[in-house]
Amino acid sequence: MANTWGYGAMTNHFGDIVKHSKAIMVIGANSAVANPIGFKHMLQAKDSNRAKLIVIDPIFTRSAAKADHYLRIRTGTDIALIYGFLHIIFKNGWEDREFLKDRVYGMDLIKEEAKKWTPEETSNVTGVPVEQIIQVANVIAKTKPMTVIWALGITQHSIGTSNTRILPILQLALGNMGKKGGGTNIIRGHDNVQGSTDMGNLADTLSGYYGLAEGAWKYYAQGWGVDFNWLQKRFFEPKWMNEKGFSLAKWYQGVLQEEKTYSSSPIRAVWIQGTGITSMAQTHKMKEALDKLDLVVIAEPFLNEAAVITDRKDDLYILPTGTQFETEGTVTATNRSSQWRSKIIEPLYEAKSDEQIMFEFAKKFGFYDEYVRGMMMGIEDGVIKQVKKDFVWPDDAVREIARIIQSIGLTGWTPERLRAHQENWHLFDPLTLEGRGKMKGEYYGLPWPCWDEKHPGSPVLYDIDTPASEGGMGFRNRFGLEHNGVSQLASERVTVRGSKIKGGYPQITKENIEKVLGIKLTEAEKAKMGPSWAMDYSGIIVKKCREAGVVPYGNAKARTIVWEFPDPIPLHREPIHSPRWDLVKKYPTYPDQEKNFRVETKYISEQQKKDWSKEFPTMIVSMRVVNLSGAGMLERTSKYLAHITPEMFANIHPDLALEHGIKDGDMMWLHAPHGTKIKVKAKHNFSVTPDRICLPYNFAGVWQGVDQSDKYPEETRPYAIGEPSNLITNYGFDIITQISEFNAGLCRVEKA
Amino acid sequence: MSQAARMKFYCDEDRCIECFACAVACSVAHELPVGISRRKVITLFDGIEGKEISTSIACMHCTDAPCEQVCPVDCFYIREDGIVLHDKETCIGCGYCLYACPFGAPQFPRDGAFGIKGAMDKCTMCAGGPEETNSSKERQLYGQNRIAEGKVPACAAMCSTNALLVGDAERVSEVYRRRIAGRGTTAY
């Protein structure tokens, strides 16, 4: 998404769906289970707007049960289905031509590709009947505004990045972007997922999507008040500073080095804080890596079962961490709104809050002063400098974030404003997010971008009918000024309301600001100004933009072609382990990847090694159960939640089960192509068809048939344990993000 | 003539998504033993397109409560606002009420020797029992008395989709009628 129009986040918000959406397309998301409160808003939209709910999913989910149209898709064929819709849309001229002409680059190539996706071919690939494809294409083309909602069912694929591009392309074709009730609403399932993404808890970027290039590091060195050379010396060699690290999906290869890795040394220690290892794919490899490391440290409020799956006897430390009630700070909701969260109690017993643990860590390793100095910085007379000798947690951390992360406009997120939002919750309209009374003129949680301390936040991204100072904007100018001789700026007809500049304009830099805004800077202003809007501690660029009604990041076209990617336009590619050997030849996956996140990854060599479907004919679909989240470690320690699903199971169609002599409630083995197996209870269920089974990923504590209860430290065994389904999640990773292929794979069913 | 409020539950099946929030909120609020389900969430025709339906069921606080009529020791009483309660110290655990109840609401502990039943337990609409309001004895036998505190029952307060409605029957039916008018569907 960020590669289509600038930012990779939910564009609208839940209240907006209730108030304005006339159609809601949910694809690769089961919000009724993964986000019940979010799903309420879709149900409310049905009541308030008679909104049509379309659910596209390989299984008939609880969300599908509430749908007006349910499309049962084969796993990993989302791109084919969307092209099938686009085929019908273009054929009938239902696309929004004006929108495409003014605000989109490259739709012609999409139109060409869509020509191949006749309803018949789409049906052949996706398994959705031809009549239903035509019917739903009609509904989505003619019911406006429509919002598109997705979650991990879209991203967790070897073609996940392309998946996340084809849906924005559909919304662009229909002209549903920048509109109330439209947009692409990617639902974050857990608390603060948006916030941790914004903070760059990833191996390939500094916080705020700044990347790892030298310019970004230098900008950060300034913001943190540390010497760039000191930062660089922390790395083994300077070049590693600009290299992506290992990803969460394949870090174990940094330890095991079975696939070719690119690193100065094997990984020798791992620190796990806030992530459930057993909810990661290739769990058997994670275990091998945990066994082999010199040191494993786990810092969690509940026991992380990484400590249970490993056989190591020594050098494993478990640090008790406080929960969200034992610390204070901000969290970012799925719609880019920030919320202040108060501390309810001090950390219990010997537990420490997350930040206390990190401070102790920094002290031990001798960089505490540099670590906390960013919180003592301030901007005086347009220049960033250290302004005090101590800091207040978490206020000064929030101020540091606001000062540095200009890229997504966190500049206006001061602790004072966010606290006021928390204290005056009741003064905000839940559907429009608009404040009343003393909160008038602000949107709840100041959804980013919130360009400065007077900005109200931006509830709907890319809305040009709203002035910049009230949250309006065009698409971001992120991909240069022209491509193949075509301007990437919005047409002269796309003027953000109230803007001094008619039509499109580039992102504002020190170099172009005078020309674009038609102003004259003083020498003093020039001296203080940073190189561009996202790296300007002086705040002068944002200030001048505000005066001109201009959005600092420009006003450009969205693009359907990402010329830097292996697939410049999204293409359907069969899963690595596909049930359709005939289609594997026609829609092959990528060539093997030499290096991404420091490791090689197999694609075509694995896919075409043999017809996997002969030995492993059944598709695996991953699901969540409503009472457990993530690795389930927290919820399985609650007796009432554990009672709902006391043991691991798989939903299996009676026809498939009985073919193998498996009665309802019998145990069965599920075998994966890479040689692992899990033993789970069979639940006869009609939500799956006989060609696929469906299983929750929220269990651990049983390992390939062996109960691991004795491996839990005293009194930490949860009420419910079970096989981690990710033991059999097939090999496969996205070509860009390296997220695991959780949602398309094969297995073999056997009676236990 | 003003009519006294009659308290009713209603679960809007078009809204219920089987998230179990009501059932878990109930168990937590009243600290029930695992296995005593004052409120249950059920899905019928699980996985069958066009037929699957989820709903939340507990004591429906019937106007003409069959449990009350069959009880051999007369432990039931119906409050003026229609909430059906019972006296656990009078109850002999015979199970007649369970046979009479069309909703399977009465719950019995089953951990005694020979499967002997203890006193019946059921949804009180968070209105406690015959003991002194908000006394520790009331809390121990019947759980929280939220109604006495002017609070909505724990289940409906926790409902993630506002499927579970509770309150004066007139108001509940008004809310539901407005919803189905918006949906353009008809009530079953």
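Chain A has 29 helices and 26 strands. Helices here are DSSP runs of H or I with at least four residues, strands are runs of E with at least two, and both are numbered from the N terminus. The model is a predicted one: local features need pLDDT of at least 70, side-chain atom pairs count only at pLDDT 80 or more, and totals for chains, interfaces and linings use all residues. Residues are numbered from 1 along each chain as its sequence is written, while chains are lettered from A and ligands numbered from 1 in the order in which they are written.

Now the overall form of chain A. Its C-alpha atoms fill a box of roughly 80 × 65 × 50 Å along the principal axes.

Next, burial and contacts. Of the 752 residues in chain A, 54% are buried. Buried means 20 or more other C-beta atoms within 10 Å of the residue's own; exposed means 12 or fewer, partly exposed lies in between, and the C-beta atoms are placed from the backbone. Take the chain A contacts between residues at least 6 apart in sequence: 68% join residues at least 24 apart. Two residues are in contact if their C-beta atoms, placed from the backbone, lie within 7 Å.

On to domains. Chain A is assigned domain 1 (2-186), domain 2 (193-427), domain 3 (476-556) and domain 4 (612-751). These bounds come from an automatic or database domain assignment. The centres of domain 1 and domain 3 of chain A, over C-alpha atoms, are 33 Å apart. Their contact takes 7 residues from domain 1 and 10 residues from domain 3. Which helix gives the most to the domain 1 side? Helix 6 (residues 97-103) of chain A does, with 3 residues. By class, that side has 3 nonpolar, 1 polar and 3 charged residues. Ala, Val, Leu, Ile, Met, Phe, Trp, Tyr, Cys and Pro count as nonpolar, Asp, Glu, Lys and Arg as charged, and the others, Gly among them, as polar.

One residue to look at is A:Asn192. It sits in the loop between strand 6 (184-186) and helix 12 (193-198) of chain A. Is A:Asn192 buried or exposed? It counts as buried, because it has 21 C-beta neighbours inside 10 Å. Leaving out residues up to four places away in sequence, A:Asn192 touches A:Val331 and A:Thr332.

Now a helix pair within chain A. The axes of helix 5 (residues 78-91) and helix 7 (residues 107-116) of chain A come within 8 Å and cross at roughly 105°. Axes are lines fitted to C-alpha atoms, for helices over the stretch in contact, and angles run from 0 to 180 degrees between N-to-C directions. So helix 5 of chain A is roughly perpendicular to helix 7 of chain A. Under 35 degrees counts as roughly parallel, over 145 as roughly antiparallel, 65 to 115 as roughly perpendicular, and the rest as oblique. This contact has 5 nonpolar, 1 polar and 3 charged residues.

Last, chain B. 21 residues of chain B are in contact with 24 residues of chain A. The chain B side divides into 7 nonpolar, 7 polar and 7 charged. Helix 4 (residues 36-49) of chain A packs with helix 6 (residues 169-183) of chain B at about 75°, with axes 5 Å apart. A:Lys46, A:Asp47 and A:Ser48 meet B:Arg179, B:Gly182 and B:Arg183 there.
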